[in-house]
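Hi everyone, thanks for making time this morning. I'd like to walk you through one structure, going helix by helix and then stopping at a few single residues.

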Amino acid sequence: MSNNTESNTNFILHPKNQKKMQSKVTNNKTQCSNGVKNIVMIISFLLIIYLLCFNFSIPNTKSLHTSLSLQNDSSSSSSLSSDTTLEHIVFGIASNEHAWSARKELVKMWWKPGRKMRGCVFLEKMPSNYTNNANDSLLPPICISGDTSRFKYTFRGGTPSAIRVARVVTETVALNHSNVRWYVFGDDDTVFFTENLLKTLSKYDHGLWYYIGSNSEHFLMNKAFSYEMAFGGAGIAISSPLAKVLGKVFDECIERYPHLFGSDARIYSCLAELGVGLTHEPGFHQLDVRGNMFGVLAAHTLRPLVSLHHLEMNDAIFPNMTKMKALEHLYEAAKFDPHRILQQTVCYDRWFTWTVSVSWGYAVQIFTYNLFLPDALRVQESYFPWQTSDLARHYDFDTRPYEPHPCKRQLVYFLDNVSSGIDGKIKTIYKKKTPENCTITMVSPRRLDEIRVVSHKLDLDRKQLLSPRRQCCDVLPSTSRNVMDIEIRECKEDELTYIHP
């Protein structure tokens, strides 16, 4: 114990020494504190440099997203600018063994085997009188539809073949063609204007889901089925990725709809279940009218003519011709300028106060009075209703009465011939095709024997398709009192078409 006491005694310092010692310790602490601060500052400085370097080394998420979006937009734009050709389309045409022998002449009108068109005409079985001859090479091949007896059909008064026709969608996709952008479906009495079909579809990105078509002209038809349903006779276009998905689920889907009437209603219902709505394209025509279709054709929409339907059930579209010859006549004009066919242009003759309406490749109308432009664009009720009820006279477009008396009606000159010159202009000549016994005066257009129309070929680009504008026309000074000369041209930017005082 004593040793311990001595040891403790030795460490007891004198007060002066104690103060010196405390001062030395304090200085050491201060130096230590300053060193720690320096180290902390250095570490902080290095950390800041590291964070800055790290931030610059990783791309900004927002910028990255924008960059990818621009790349995707560029890719999408590239796919849109890549021309869609007939080789990118597969057609599914619904027919039956009894109708095909007659209806194939209509299909032959627009089918172009030399341009590598692909598709099938679907029949329930081969026609009993079928022979494979040389003319059949001008037609799509025949495919036999699968058995549909397992599907229920409960619509009273309808035909169960609607299920077989609906399944043309799945069976066309199952043909497994490569490099397909669009699947297009129609009836055997649907005629397509293929250049305008391609031009219309070129507006859309075929890599997205699209269901394209049009309604009926008839109010009751649209009310009974749906304004969001593409009517099958007018033609339906479905983009390839959507058609493939639809093909996978279609059979399961249509089992839920035995109560529906037609094939197009089943297609529409299943696409609705997939969450896809109709993209309306008025160039597809169901033509649910009867008789004289002049009023509908002469006031065609600004969109390119894509299809016509029910031609066999109506009058020939040109007078003094059979229905087939009349249709051939229209197709002949379309060869010269497909985008312009049926396009309506209105101009006013200031000297005689006449209103002139040109439906290119079809007819020229001359009204002996000034007709306001919106009225000139209305559909004349030259046809009669599809049905006989009061509501059957209601249509889903603007109409005006069609004068029954030929001498009070406007003069109509129908297409006679088409030609193109070395100057690049296309010349169409229109003549009166029906006899009339009306009074002719010096100021009456009835003295005119023909109308000559000159125009340049219309080549619509994507901007014009998305935002169409009607072209303008001028009544030119004529070299003959029995001829009227008209020129169709692009309108000036601020040009108005109106009645001149």
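Let's start with helix α9, residues 240–254: its 15 residues at 1.5 Å a residue should span 21 Å, and the end C-alpha atoms are 20 Å apart, which agrees. The expected span here is 1.5 Å times one less than the number of residues. Helices (H or I, at least four residues) and strands (E, at least two) are DSSP runs, numbered from the N terminus.

Before I go on, two notes on where this comes from. This is a predicted model, so local features need pLDDT of at least 70 and side-chain atom pairs count only at pLDDT 80 or more, while totals for chains, interfaces and linings use all residues. Residues are numbered from 1 along each chain as its sequence is written, and side-chain values use heavy atoms, with hydrogens and water left out.

Back to α9. There is a kink of about 45 degrees in α9, centred on K248; the bend at a residue is the angle between axes fitted to the seven residues ending there and the seven starting there. Which residues of α9 are buried? They are S240, L242, A243, L246, F250, C253 and I254. Buried means under 20% relative accessible area, exposed over 50%, and partly exposed in between, with a 1.4 Å probe and protein chains only. Those buried residues of α9 pack against α5 (161–166), α6 (168–173), β4 (182–187), β6 (211–213), β7 (236–239) and α10 (263–273).

**The partner, α10**

How do α9 and α10 cross? Their axes come within 10 Å and cross at roughly 110 degrees, which makes α9 roughly perpendicular to α10. On the α9 side the contact is made by L242, L246, F250, C253 and I254, and on the α10 side by R266, I267, C270, L271 and E273. Contact means heavy atoms within 4.5 Å. By class, the residues of this α9 and α10 contact are 8 nonpolar, no polar and 2 charged.

Angles under 35 degrees count as roughly parallel, over 145 as roughly antiparallel, 65 to 115 as roughly perpendicular and the rest as oblique. As for the classes, Ala, Val, Leu, Ile, Met, Phe, Trp, Tyr, Cys and Pro count as nonpolar, Asp, Glu, Lys and Arg as charged, and the others, Gly among them, as polar.

Helix α10 has 8 of its 11 residues buried, so it is largely enclosed by the rest of the structure. The buried set is S263, D264, A265, R266, I267, S269, C270 and L271, and these pack against α5, α6, β6, β7 and α9. Just after α10, G275 takes a positive phi of about 85 degrees.

Now for α4 and α12. Their axes come within 11 Å and cross at roughly 10 degrees, which makes α4 roughly parallel to α12. Here E105, L106, M109 and W110 in α4 meet M324, L327, E328 and Y331 in α12. That contact divides into 6 nonpolar residues, no polar and 2 charged. In α12, the buried residues are A326, L327, H329, L330, Y331, A333 and A334; they pack against α4 (100–110), β5 (191–192), β10 and β17 (411–420).

**Some single residues**

Most residues other than glycine have a negative phi. N176 has a positive phi of about 60 degrees although it is not a glycine, and N176 is found in the loop between α6 and β4. H310 also has a positive phi of about 60 degrees without being a glycine; H310 lies in the loop between β10 (307–308) and α12 (323–336). Are they buried or exposed? N176 is exposed, with a relative accessible area of 65%, whereas H310 is buried at 7%.

L197, in helix α7 (residues 194–201), is buried with a relative accessible area of 0%. Leaving aside neighbours within four places in sequence, L197 is in contact with I89, F91, V184, F284 and V306.

W209 sits in the loop between α7 and β6 and counts as partly exposed at 39% relative accessibility. Not counting residues up to four places away in sequence, W209 touches S239, P241, L242, V245, L274 and V276.

**The whole chain**

To finish, the protein chain has 14 helices and 21 strands, and buried residues make up 45% of its 501 residues.

Key:
Axes are lines fitted to C-alpha atoms, for helices over the stretch in contact, and angles run from 0 to 180 degrees between N-to-C directions.
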